[in-house]
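Student: I would like to go through this structure with you, beginning with the overall picture and then moving to the helix contacts. Could we start?

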Amino acid sequence: MSIAAGYIVPHPPISVPEIGRGEEKKIQPTLDSFDKVAKDIARIRPETIILTSPHSVLYRDYFHVSPGSHAHGNFRAFNAPEVSMDISYDEEFSEQLDSMCNKIHFPAGVMGQQDPTLDHGTMVPLYFILKHYTAFKLVRIGLSGLSLSTHYQLGYIISEISNSLNRKCVFIASGDLAHCQKEDGPYGYRPEGPLYDKKLMDVLREGDLEKLLTFDETLLSRSMECGHRSFCIMAGALSGKKISITPLTHEATFGVGYGFAICRANGQEGSKTLQNNSSDPYVTLAKNTIDTYIRTGDIYHPDSIDPAISSQRAGAFVSIHEHGMLRGCIGTFLPTRETLTSEIINNAISAATRDPRFSPITQDELPYLEINVDILSEPEQVESIEALDAKRYGVIVEFHAKRGLLLPDLEGVDTPEDQIRICKQKAGIHPDETDLTLYRFTVERHT
């Protein structure tokens, strides 16, 4: 058993007749699509519904999974307190998800509950589902401020839990589209609003959910959408399967986009991992080194090696990211080994097991790692800061026996002044010290 289907649905409270009081008839296509989704779920008869909502507990750097055995909610905030629901949670699923995320250091779990009551992003879809099907338990998950790819990775983990529990599940990705599509709407008009909605619905018509990860964050922000990260989690949960996508209706009658799609899983394409599948020989060498050392404790000895690597001597940095976050980074700015091959092998093992900022990587984490290798040119001393360029050159700052190094073109490091300030911090050099020796170097980056 696994994720049998996924559904993209909005959550307009006005669609609930007790709230809309007749206004809901103006969005009849939305009501019809809710009915189709509910009937499709009833046909599948899932044991568990996994629902992601932007209005559940939200943290910038953590996905909250609602704990406990059940939850209650009503529409009091929308002047309809008489409409209420009591939902049973799938405790085993939530606990397994929490345990797995802790095990692989993924930022999700059951900690940090603030308000146990059901939010309207959860209740509106369930209102329509419960008219046709009630024999399910719920797993409710909030979104985060982390990257789109990290949301996708959470979906992959959810799918793994579903498989391990042999649980028949469906996934509801609750989220409205752009909120700024009409001048007389509640949020006014921005051109990015209709642009986002068109792009999202085009992706669904094309049938390639992984394109959701390519959306520009500026467009997402400017369009005032609230569901895109929810859709990315669903995409991850359906990864590795043959998917047929049926877009249903789309409208923005009240200035907010309401879009629907049914994503049916038609079978396995084969296991899709999140490993770094790069054909780059530098990355492949580092990846195989880490896999071998973590699984067996042995040093990797390649049968053959690209001459471009074996014929060089150079400094090299190996950096490891997991779910978009740094998990280890160790390097040498000058060659310390006879060949670049040995340099990369040694630094890859150190990055995975000896970075003092992190615990050693475990075997359970291996499928989720992204590995980069940076090959450094020989450092060149410069006379002044004017010879530096934060995008082009890395920097080494020396003061007596203290030395700090920073690679080039790092997010949030935009100027040479930023580079020098960070190098001083890393080396323990006083911020006001000016009697510095500066070096610059270039980086050949392999990802």
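Predicted model: local features only at pLDDT ≥ 70, side-chain atom pairs only at ≥ 80, totals over all residues.

Student: What box do the C-alpha atoms fill along the principal axes?

Tutor: They fill a box of roughly 75 × 50 × 40 Å.

Student: And how many of the 447 residues count as buried, as a percentage?

Tutor: Of the 447 residues, 52% count as buried. As for contacts between residues at least 6 apart in sequence, 76% join residues at least 24 apart.

Student: What is Tyr196 in contact with, leaving aside its neighbours within four places in sequence?

Tutor: With those neighbours left aside, Tyr196 is in contact with Leu177, Ala178, Phe215, Leu219, Leu220, Ser223, Glu225, His228 and Phe231.

Student: Back to α5, then. At what angle do the axes of α5 and α8 cross?

Tutor: The axes of α5 and helix α8, residues 228-237, cross at roughly 40° and come within 6 Å. That angle makes α5 oblique to α8, and the crossing is right-handed.

Student: Which residues make that contact?

Tutor: From α5, the contact is made by Leu148, His151, Tyr152, Leu154, Gly155, Tyr156, Ile158 and Ser159. From α8, the residues are His228, Arg229, Cys232, Ile233, Ala235, Gly236 and Ala237. By class, the contact of α5 with α8 has 9 nonpolar, 5 polar and 1 charged residues.

Student: And how far apart are the axes of α3 and α5?

Tutor: The axes of α5 and helix α3, residues 91-103, are 10 Å apart, and the two helices pack at an angle of about 125°. Consequently α3 is oblique to α5, and α3 passes α5 in a right-handed crossing. In this contact, Phe93, Gln96, Leu97, Met100 and Cys101 of α3 meet Ile157, Ile158, Ile161 and Ser162 of α5. The classes here are 7 nonpolar, 2 polar and no charged residues.

Student: Where does Ala348 lie, and is Ala348 buried or exposed?

Tutor: Ala348 is found in helix α11 and counts as buried, because its relative accessibility is 0%. Ala348 and Ala286 are 62 residues apart in sequence, yet their C-alpha atoms are 5.6 Å apart in space. Leaving aside its neighbours within four places in sequence, Ala348 is in contact with Ala286, Thr289, Ile290 and Val318.

Student: What about Ile294?

Tutor: Ile294 lies in helix α9. A relative accessible area of 16% places Ile294 among the buried residues, as the cut-off is under 20%. Its C-alpha atom is separated by 8.6 Å from that of Ile349, 55 residues away along the chain. Beyond neighbours within four places in sequence, Ile294 is in contact with Ala352, Thr353, Ile361, Thr362, Gln363 and Leu366.

Student: One last topic, the backbone. What phi does Asn166 have?

Tutor: Asn166 has a positive phi of about 55° although it is not a glycine. Asn166 lies in the loop between α5 and β8. His400 also has a positive phi of about 55°, and His400 is not a glycine either. For background, most residues other than glycine have a negative phi.

Student: Where is His400, and is His400 buried or exposed?

Tutor: His400 is in the loop between β15 and β16. With a relative accessible area of 69%, His400 is exposed.

Conventions. Residues numbered from 1 in each chain as written. Heavy atoms only, no water. Contact = heavy atoms within 4.5 Å. Helix = DSSP H or I, 4+ residues; strand = E, 2+ residues; numbered from the N terminus. Buried < 20%, exposed > 50% of the residue type's maximum accessible area, 1.4 Å probe, protein only. Axes fitted to C-alpha atoms, helices over the stretch in contact; angles between N-to-C directions. Parallel < 35°, antiparallel > 145°, perpendicular 65-115°, else oblique. Left-handed = near helix turned anticlockwise from the far one by under 90°. Nonpolar A, V, L, I, M, F, W, Y, C, P; charged D, E, K, R; others polar.
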